[in-house]
Protein chains: 4
Amino acid sequence: MNAHLQKACQQLGLPNDHLAISIGSNWQPGRGESLNVRSPIDGQTLAEFKMADARQVEAVVKEATAAFVKWRTVPAPVRGEFVRQYGEKLREFKQSLATLVSWEAGKITQEALGEVQEMIDICDFAVGLSRQLYGKTIASERPSHRLTEQWHPLGPIGVISAFNFPVAVWAWNAAIAWVCGDPVIWKPSEKTPLTAIACQTLFSQVLADNPEVPPAISSLIVGGADVGQSLATSPKLPLISATGSVPMGRAVAQNVAARLGRSLLELGGNNGMIVAPSADLDLAIRSITFSAVGTCGQRCTSLRRAIVHESIADKLRDQLLGVYEKLPIGDPTSDGTLVGPLVDERAFDSMESALAAAKSQGGIVHGGGRMTSNVPQGGFYVRPALVEIASDAPIIQQETFAPILYFMRYRSLDEAIGIHNCVPQGLASAILTNDVREAELFCSAAGSDCGIANVNIGTSGAEIGGAFGGEKETGGGRESGSDSWKLYMRRATNTINYSTDLPLAQGIRFEV
Amino acid sequence: MNAHLQKACQQLGLPNDHLAISIGSNWQPGRGESLNVRSPIDGQTLAEFKMADARQVEAVVKEATAAFVKWRTVPAPVRGEFVRQYGEKLREFKQSLATLVSWEAGKITQEALGEVQEMIDICDFAVGLSRQLYGKTIASERPSHRLTEQWHPLGPIGVISAFNFPVAVWAWNAAIAWVCGDPVIWKPSEKTPLTAIACQTLFSQVLADNPEVPPAISSLIVGGADVGQSLATSPKLPLISATGSVPMGRAVAQNVAARLGRSLLELGGNNGMIVAPSADLDLAIRSITFSAVGTCGQRCTSLRRAIVHESIADKLRDQLLGVYEKLPIGDPTSDGTLVGPLVDERAFDSMESALAAAKSQGGIVHGGGRMTSNVPQGGFYVRPALVEIASDAPIIQQETFAPILYFMRYRSLDEAIGIHNCVPQGLASAILTNDVREAELFCSAAGSDCGIANVNIGTSGAEIGGAFGGEKETGGGRESGSDSWKLYMRRATNTINYSTDLPLAQGIRFEV
Amino acid sequence: MNAHLQKACQQLGLPNDHLAISIGSNWQPGRGESLNVRSPIDGQTLAEFKMADARQVEAVVKEATAAFVKWRTVPAPVRGEFVRQYGEKLREFKQSLATLVSWEAGKITQEALGEVQEMIDICDFAVGLSRQLYGKTIASERPSHRLTEQWHPLGPIGVISAFNFPVAVWAWNAAIAWVCGDPVIWKPSEKTPLTAIACQTLFSQVLADNPEVPPAISSLIVGGADVGQSLATSPKLPLISATGSVPMGRAVAQNVAARLGRSLLELGGNNGMIVAPSADLDLAIRSITFSAVGTCGQRCTSLRRAIVHESIADKLRDQLLGVYEKLPIGDPTSDGTLVGPLVDERAFDSMESALAAAKSQGGIVHGGGRMTSNVPQGGFYVRPALVEIASDAPIIQQETFAPILYFMRYRSLDEAIGIHNCVPQGLASAILTNDVREAELFCSAAGSDCGIANVNIGTSGAEIGGAFGGEKETGGGRESGSDSWKLYMRRATNTINYSTDLPLAQGIRFEV
Amino acid sequence: MNAHLQKACQQLGLPNDHLAISIGSNWQPGRGESLNVRSPIDGQTLAEFKMADARQVEAVVKEATAAFVKWRTVPAPVRGEFVRQYGEKLREFKQSLATLVSWEAGKITQEALGEVQEMIDICDFAVGLSRQLYGKTIASERPSHRLTEQWHPLGPIGVISAFNFPVAVWAWNAAIAWVCGDPVIWKPSEKTPLTAIACQTLFSQVLADNPEVPPAISSLIVGGADVGQSLATSPKLPLISATGSVPMGRAVAQNVAARLGRSLLELGGNNGMIVAPSADLDLAIRSITFSAVGTCGQRCTSLRRAIVHESIADKLRDQLLGVYEKLPIGDPTSDGTLVGPLVDERAFDSMESALAAAKSQGGIVHGGGRMTSNVPQGGFYVRPALVEIASDAPIIQQETFAPILYFMRYRSLDEAIGIHNCVPQGLASAILTNDVREAELFCSAAGSDCGIANVNIGTSGAEIGGAFGGEKETGGGRESGSDSWKLYMRRATNTINYSTDLPLAQGIRFEV
């Protein structure tokens with residue numbers, strides 16, 4: 001193992017032998033299949049240990065359920081103080097945790113640091129929330145009646161996260177869930193268990209300073225799809241928050257629906273950007289490049305489709321290809337690298353297939369292909385691809401988790417919006433324009449049909465203050481800012497009669 | 001047909017021959033099975049006509065989808081003006097529509113009028129909403145960036161409603177959906193199609209005064225379960241709002257989840273009330289009676305479980321039985337009647353089975369049984385039942401849509417809350433107490449686990465200003481007041497960069 | 001008196017002899033000076049009667065205070081129902097009331113109708129509000145404590161309104177105040193008492209249908225400045241809402257402050273519009289003209305300063321002058337008239353002085369001057385003036401209630417914003433631009449310092465859904481939409497301890 | 001000077017020589033009168049230095065105004081990060097700052113620590129706010145129009161604080177003002193300048209770590225009433241937040257009103273508590289004692305009036321007198337002390353006069369009088385007084401800043417509420433009852449007329465999550481939680497037209 005990584009693990013207090021399950025600070029071995037964790041950087045093994053199997057889920061759920069009964073009556077600001085301390089802990093170990101993110105997910109250092117910063121940000125935000133969690137008092141139609149609603153803790157929640165944001169997505173859920181009064185059971189991606197173990201280890205450290213906190217408000221289960229399904233079907237978990245592919249999300253949604261639970265889904269994006277004639281081309285180059293090749297095209301918000309006005313398309317394409325040619329690709333932990341590896345061989349194969357399909361559908365492929373020199377061996381490093389293609393090519397309907405940018409042309413804004421909205425996913429979108437009417441139309445009811453619609457910035461890189469998530473096959477969930485916290489609570493509508501009469505709503509008379 | 005009913009139908013402009021489908025004011029015959037609509041009052045046929053079959057759904061959805069494209073850009077206050085006019089129309093025809101409700105659903109006049117009043121109330125409320133639909137502007141972490149969220153129309157929605165609120169539930173959905181910019185496709189209960197046809201007829205009248213409104217913002221499909229399933233699986237309906245039984249809701253939820261749509265479920269309740277030693281007994285008698293026998297126990301919020309402190313249980317039971325004995329049961333359209341018929345024979349059979357089961361589980365059954373004299377022939381009129389039973393009897397876990405009240409005893413409030421929350425449903429609940437601590441605890445995170453928790457009023461009879469709905473198997477949906485309207489819209493998070501720089505969130509640096 | 005006006009008065013139920021005071025439907029004669037109400041249209045007397053004097057205020061306040069004690073406990077939705085009926089009454093008498101507005105304030109028919117429509121709109125909005133008036137429930141830091149806030153009725157409020165919106169401003173206040181539970185005492189402008197009497201007459205009619213409503217929730221006092229001061233100093237009126245000039249507002253503010261009351265001030269505007277190079281010139285012509293000459297320049301939101309980019313200034317000026325030349329000026333009740341009279345001779349004199357000052361400060365005055373032909377005799381009809389002037393001329397710091405548009409030039413947007421913000425008033429503002437960056441900057445913290453900042457529409461003509469009002473010398477008040485209703489209520493923060501302990505906030509220990 | 005105090009000053013980095021003015025970290029000597037700061041503990045001089053005079057205010061305001069222009073465009077979350085760091089600094093120096101609070105204000109250690117904790121809490125809360133500052137997006141009535149409101153920084157604000165919360169009140173204002181984008185100019189009480197200097201010193205330390213922050217976002221001016229008046233009349237300070245006596249507030253309010261500025265007033269309280277027959281007497285004893293004698297009765301929320309049901313009055317009085325007798329009175333820095341000194345001789349004289357007046361009005365005075373033994377010499381230590389008195393005695397209308405509790409009796413709750421509300425102040429109130437109807441009525445529109453109305457806790461000791469402030473002569477201001485932040489910002493209502501048409505609101509047609 002790399003020396004930097006080893007040092008980071010040590011600093012974080014990670015043991016040498018990994019255990020798949022942790023309830024609070026109680027670590028237990030998994031009894032499932034063996035897991036070989038390989039770094040996308042060089043394909044070397046980072047860790048090897050037994051995963052949990054589905055039968056181990058129940059015990060974890062049981063502990064979380066017991067913790068919930070205590071945690072729900074701890075005042076929210078006191079819960080917030082715990083989250084604040086967790087945020088301080090993250091500040092302290094920001095660099096180390098980022099190093100793990102780089103090694104396990106293959107992210108460049110800047111993005112790994114940014115991901116940890118996002119965890120810190122959400123903790124700060126959650127602390128503020130902990131003195132709010134506002135319900136409404138409401139004017140009652142009956143005399144001497146008080147009508148109000150309160151938001152109460154919901155119960156233990158299951159969080160299923162993906163490799164590409166191995167820690168931030170959990171933190172989004174956990175920080176909010178904790179202040180809302182909910183224990184969290186986390187099943188991270190099998191590709192990134194170490195970062196998860198690190199987060200839980202830091203949790204244990206904060207726990208040690210807060211003996212009155214029920215330990216089982218945070219549990220970790222490293223496991224496979226069977227563990228995920230076991231969480232989804234558990235009647236004790238009123239909410240499953242799942243991030244990943246559309247098929248995964250569809251399965252979770254159905255399992256949860258069958259038991260009338262609640263799902264919070266963050267599934268695929270097939271994110272588009274319209275580049276209008278008035279766009280600032282310099283801004284366009286930078287925002288497209290960051291959105292399309294950042295994280296090697298493996299963000300759910302990665303830019304996958306550029307819809308460019310014909311008057312500027314050639315120029316923009318040429319400039320982009322110029323930038324693409326000079327992109328520093330390679331070891332993500334090296335200074336200056338902007339594009340790291342794909343996560344694994346399967347991701348590389350998907351990229352290859354998509355490019356082949358694009359070609360067969362009339363696309364002109366620029367770039368693409370595996371790099372073999374000047375990059376660490378054992379990793380799958382690719383040249384980002386820009387594919388000129390017709391907007392009705394079937395391949396553009398698909399999300400491929402790789403740095404492929406489909407480049408299309410349009411004549412009128414209506415046409416561009418039509419092209420933009422014609423895919424089944426609905427996560428992030430953007431328009432680059434300096435025209436007020438275009439910008440507003442794009443953000444209006446008749447514009448982008450996505451959960452995120454930006455003007456003059458790219459599709460990726462959301463702030464935590466807004467609600468994050470998308471429509472259509474993206475699954476409709478919202479996390480992070482605004483009132484997303486409501487998904488982690490249950491609403492109770494209360495009517496209190498303090499009169500000696502019993503007037504009925506709607507003026508009904510019923511005298512016994 | 002009864003003369004009053006005939007007159008009401010005439011006043012409402014109902015034709016003699018009924019057609020199963022209406023798109024705006026375009027009526028079409030169904031091509032499915034024949035439907036015989038019988039009145040719960042006397043079992044007589046009110047109408048007979050062919051229902052729609054599932055293959056007819058697609059054409060309706062198509063029209064609604066086309067209407068949506070226009071309706072979504074009509075300013076919300078203009079949409080609100082249409083709803084206002086619909087509300088005025090309801091005011092005009094309140095009595096007639098209530099007459100239909102009585103004949104088709106078997107409700108007493110007071111409750112039928114109350115149901116129409118609820119439609120009027122929700123229209124008034126929706127008109128106010130139409131100048132709100134508030135999203136948030138949010139402080140951005142980046143200079144010269146504006147961060148905001150807007151709520152946009154969602155698309156055509158499917159509404160599946162039940163016999164017991166044949167018109168109000170649709171109105172809750174329709175009034176809100178319309179101001180939110182969504183067309184509505186309504187599948188009413190097969191037991192109550194005439195009230196639905198009446199509502200759609202009134203809609204047509206308002207439409208006639210508003211030629212610029214796309215007619216297909218309201219469609220009606222009278223059909224069976226196949227039509228419901230067809231709506232649930234339609235990829236063009238982003239939201240299905242369904243009211244009814246748990247099995248129905250479970251099926252809808254799974255069908256909608258499979259296509260990653262959104263469900264708004266209002267399923268069964270198994271509503272309990274705790275009666276504490278300090279309760280005002282007069283209030284208790286009145287609120288229990290209204291909640292337990294009103295609508296002949298066929299509200300989703302009907303009181304099904306009384307959990308009474310042992311110190312007052314005997315007295316309360318005796319007084320209740322005294323009131324029960326004198327309840328005016330019979331023709332719901334007659335003045336003074338408080339308890340009308342069950343909806344049909346099947347409902348009667350369910351009641352009989354439940355009472356038999358209760359008895360076999362040790363319950364002492366007071367009342368129950370069909371009435372044969374002094375009631376219209378052909379209807380299923382029953383004596384409401386009060387069943388003294390242990391709190392661990394299995395039968396109390398079930399919702400039976402009939403006037404059965406399980407009467408249980410408790411010693412400590414903790415025990416009472418435990419009994420209260422031990423059922424799988426989570427709609428409405430109440431405590432009768434004059435003790436501040438008890439009242440507050442019941443409404444707290446550690447109290448009732450229901451969506452509705454009342455103090456010193458019964459479980460049934462909500463105001464439209466609050467959010468209506470429940471937790472657990474009740475399905476988690478919320479309708480009517482507070483911010484329930486958000487379920488009918490999609491949220492777009494917008495970030496607008498008006499600088500010439502491209503700062504990234506979380507302070508990431510990525511310079512190409 | 002004009003026949004149309006007479007008919008309108010008859011339809012509205014106005015008596016021939018006017019009384020200055022009305023408490024509910026109890027009319028009383030004034031004991032103050034005699035008032036001669038003259039129409040701006042032709043200077044003819046519309047009515048003559050004795051005004052109230054200051055000593056008559058106390059009795060009115062006393063009745064309002066007594067009404068408050070009852071009205072505050074009437075459920076808000078029931079109060080809303082009263083407002084709904086008042087709105088229906090306005091719908092019924094819209095044309096008649098508009099006729100009075102035209103005759104008394106000199107508005108063209110379209111604007112008079114628009115003003116009544118605004119009354120209707122605010123009633124609709126207030127009805128919706130009546131089921132909201134949302135306070136917050138808030139997470140408490142102490143176990144078994146509930147923290148919440150409720151909004152309660154405030155008390156009787158005084159409304160002082162101006163001639164230019166003789167009815168809408170009162171309706172903004174009254175509709176909101178009524179649903180909030182507050183009686184209203186109205187002192188209209190001495191120039192427009194008849195419209196006020198008409199509004200109160202309609203109120204009496206609605207009152208007659210609602211015998212349970214305390215009549216004194218609406219009172220009218222036609223009086224002079226002494227009456228206004230008497231309201232401002234009354235300790236029984238927790239809120240004074242005053243619309244008018246800066247000196248009037250300053251006096252009210254100090255009087256109210258001296259008794260630690262609350263003021264809601266809507267004072268002068270000196271509204272500017274930046275016209276950028278990318279502006280749609282057609283839109284510019286239309287929006288400038290409507291904002292600058294509409295209501296003969298006598299709106300508080302009238303456009304008074306155009307700040308035009310030098311590259312388009314000549315062209316825009318020429319086109320504007322072309323439009324100005326053809327403006328149909330004259331009898332406001334005639335079809336097609338766009339510009340009616342100034343309110344009186346004093347207004348005309350002010351316009352003349354301002355133009356003279358402008359000229360002496362280097363301004364080039366186009367237009368201006370009284371019209372004598374083709375207009376009704378006895379009214380003060382003027383040609384709207386466009387004055388090319390330097391942005392540092394002292395005259396542009398003043399608001400003159402007349403159709404004078406100062407026309408200035410700028411080079412950079414920063415300069416334009418500087419010019420825009422350099423006046424002491426802060427009501428309405430606009431930018432015409434199709435440039436996203438300019439539009440957003442103008443609406444940002446570093447842009448317009450006004451309460452209203454528009455893009456691509458003029459300064460006048462707000463919707464009731466937003467909060468209306470301005471900063472700096474405009475007085476800081478907000479009326480109409482958004483959360484303006486909070487000004488009409490008092491907030492109570494409640495903490496309820498339902499434990500048996502007494503934990504203190506901030507963790508303080510204090511054990512006796 | 002006491003050794004503990006000296007050590008605290010050293011730890012905080014306080015210089016030996018004090019300067020009256022600080023702009024950011026730039027300290028300047030005052031040119032006004034000399035100030036001799038004496039400790040309430042022993043009357044010894046803590047410091048002596050020249051105060052600022054009114055002519056020095058302008059320079060400070062000028063710097064703050066310049067800082068505002070920069071600070072307002074710093075993104076709010078970045079401003080929040082500064083506040084977070086300030087909060088961390090307070091955590092670090094909590095004990096030292098509390099020591100200063102004890103020595104300068106005479107508070108017991110527990111309360112001094114609580115006050116600093118309150119500063120920390122508000123910082124945490126403000127950090128959360130910094131990603132919110134939510135405005136609304138609003139449904140527009142016009143097609144292709146976007147209607148929204150944004151909250152923008154307001155400008156430099158003046159904060160005038162009182163001796164009894166020498167640091168918390170400033171922190172409430174400063175933390176919120178800073179995230180809102182406003183610089184703060186602080187005039188502390190002349191009695192407590194050292195704590196203010198300490199806060200500003202800590203500010204300088206945080207500033208040193210944040211070189212990009214404009215230093216003048218925090219300024220301090222130690223001065224007298226002339227300095228306060230100079231702030232109040234300054235046209236550059238759009239908001240004056242003042243805490244103190246009613247006469248002071250009245251003067252500020254009028255000065256600010258004269259320039260049409262905004263005041264946030266937290267003036268006197270005359271706080272009452274109703275003790276009902278069902279009250280938990282143990283809770284009553286503890287909450288009354290803490291509220292009445294805590295901070296030696298020198299909180300604005302101190303309990304001054306107990307309104308006790310006649311059935312329990314004797315018993316409660318006797319028990320209270322028993323507790324009063326044993327109260328540990330003395331050096332507030334000693335462990336176990338619950339009641340420290342009055343702030344100075346003038347406070348003692350006021351207490352004496354009030355007790356004399358009470359006696360002359362028929363009151364029976366228990367306790368009162370200066371203590372001379374077992375307390376530090378030079379301080380004014382008193383025995384808290386309980387005065388049995390009639391509810392119509394004139395003295396109970398006055399707030400005396402000392403531990404005097406007027407003890408009154410009532411028969412019916414209506415009478416009790418009448419007595420409660422009959423005073424001119426309206427800050428804090430409480431009811432002790434276990435009766436739901438009484439508790440709800442007290443918190444309703446017909447109950448307490450105060451800004452704070454509690455159930456089963458005392459009047460003093462609010463959480464920062466709620467809005468703090470009161471009605472009537474208390475001045476109407478709200479600080480701290482809920483939406484109090486809006487007072488520190490200006491609201492801009494924006495309408496953006498992105499169509500090519502110019503539709504007017506209210507459907508007005510105006511075609512040029």
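**Notes on how the chains meet**

1. Let's begin with the contact between chain D and chain C, which takes 95 residues from chain D and 95 residues from chain C. Please keep in mind as you read that this is a predicted model. Put together, chain D and chain C bury about 7,500 Å² between them, and 55% of that area is on carbon and sulfur atoms. On the chain D side, the residues that lose the most area to chain C are Leu260(D), Glu463(D) and Phe510(D), which together make up 11% of what that side buries.

2. How many salt bridges are counted between chain D and chain C? The count is eight. For an example, go to Arg262(C), which forms a salt bridge with Glu471(D); their closest N and O atoms are 3.8 Å apart. A salt bridge is counted here when the nitrogen and the carboxyl oxygen are within 4 Å, so the pair of Arg262(C) and Glu471(D), at 3.8 Å, falls inside that cut-off. Between chain D and chain C there are also 48 residue pairs in polar contact, with both residues at pLDDT 80 or more.

3. Which element of chain D gives the most to the side that touches chain C? That is strand 23 (residues 489–497) of chain D, with eight residues. Sorted by class, the side of chain D that touches chain C has 38 nonpolar, 29 polar and 28 charged residues.

4. Chain D superposes on chain C by a rotation of 180° with 0.0 Å of shift along its axis, at an RMSD of 0.0 Å. The two copies are therefore related as by a two-fold rotation axis. Which residue of chain D comes closest to the rotation axis? It is Gln254(D), with its C-alpha at 2.6 Å. The same surface serves both copies, as 100% of the contact residues of chain D recur in chain C.

5. Let's turn to chain A and chain C. Their contact takes 33 residues from chain A and 33 residues from chain C. The two chains bury about 2,400 Å² between them, with 52% of it on carbon and sulfur atoms. In chain A, the most area is lost to chain C by Thr137(A), Asn434(A) and Val436(A), together 24% of what that side buries.

6. Across the interface of chain A and chain C, the rule finds four salt bridges. In a salt bridge between these chains, the side chains of Glu141(C) and Arg131(A) meet at 2.7 Å, N to O. The polar contacts between chain A and chain C come to 16 residue pairs, both residues being at pLDDT 80 or more. Four elements of chain A each supply at least two residues of the side that touches chain C: helix 3 (76–92), strand 5 (135–138), strand 6 (145–153) and helix 14 (436–442). By class, the residues of that side divide into twelve nonpolar, eleven polar and ten charged.

7. Do strand 5 of chain A and strand 5 (residues 135–138) of chain C run parallel or antiparallel? They run antiparallel, joined by three bridges. Within this pairing, Lys136(A) stands opposite Lys136(C).

8. Chain A superposes on chain C by a rotation of 180° with 0.0 Å of shift along its axis, again with an RMSD given as 0.0 Å. The copies meet through the same surface, because 100% of the interface residues of chain A are also interface residues in chain C.

9. Finally, a salt bridge within one chain. Over all chains, a search of the whole structure finds 120 salt bridges. In one, the side chains of Glu149(A) and Arg491(A) meet at 3.0 Å, N to O. Glu149(A) lies in strand 6 and Arg491(A) in strand 23 (residues 489–497) of chain A, so this pair ties together parts that are 342 residues apart in sequence.

Key
Residues numbered from 1 in each chain as written. Chains lettered and ligands numbered in written order. Predicted model: local features only at pLDDT ≥ 70, side-chain atom pairs only at ≥ 80, totals over all residues. Heavy atoms only, no water. Contact = heavy atoms within 4.5 Å. Buried area = accessible area lost by both parts, 1.4 Å probe. Polar contact = N/O pair within 3.5 Å; in protein donor to acceptor, adjacent residues only side chain to side chain. Nonpolar A, V, L, I, M, F, W, Y, C, P; charged D, E, K, R; others polar. Pairing = 2+ DSSP bridges. Least-squares fit on C-alpha atoms with pLDDT ≥ 70 in both.
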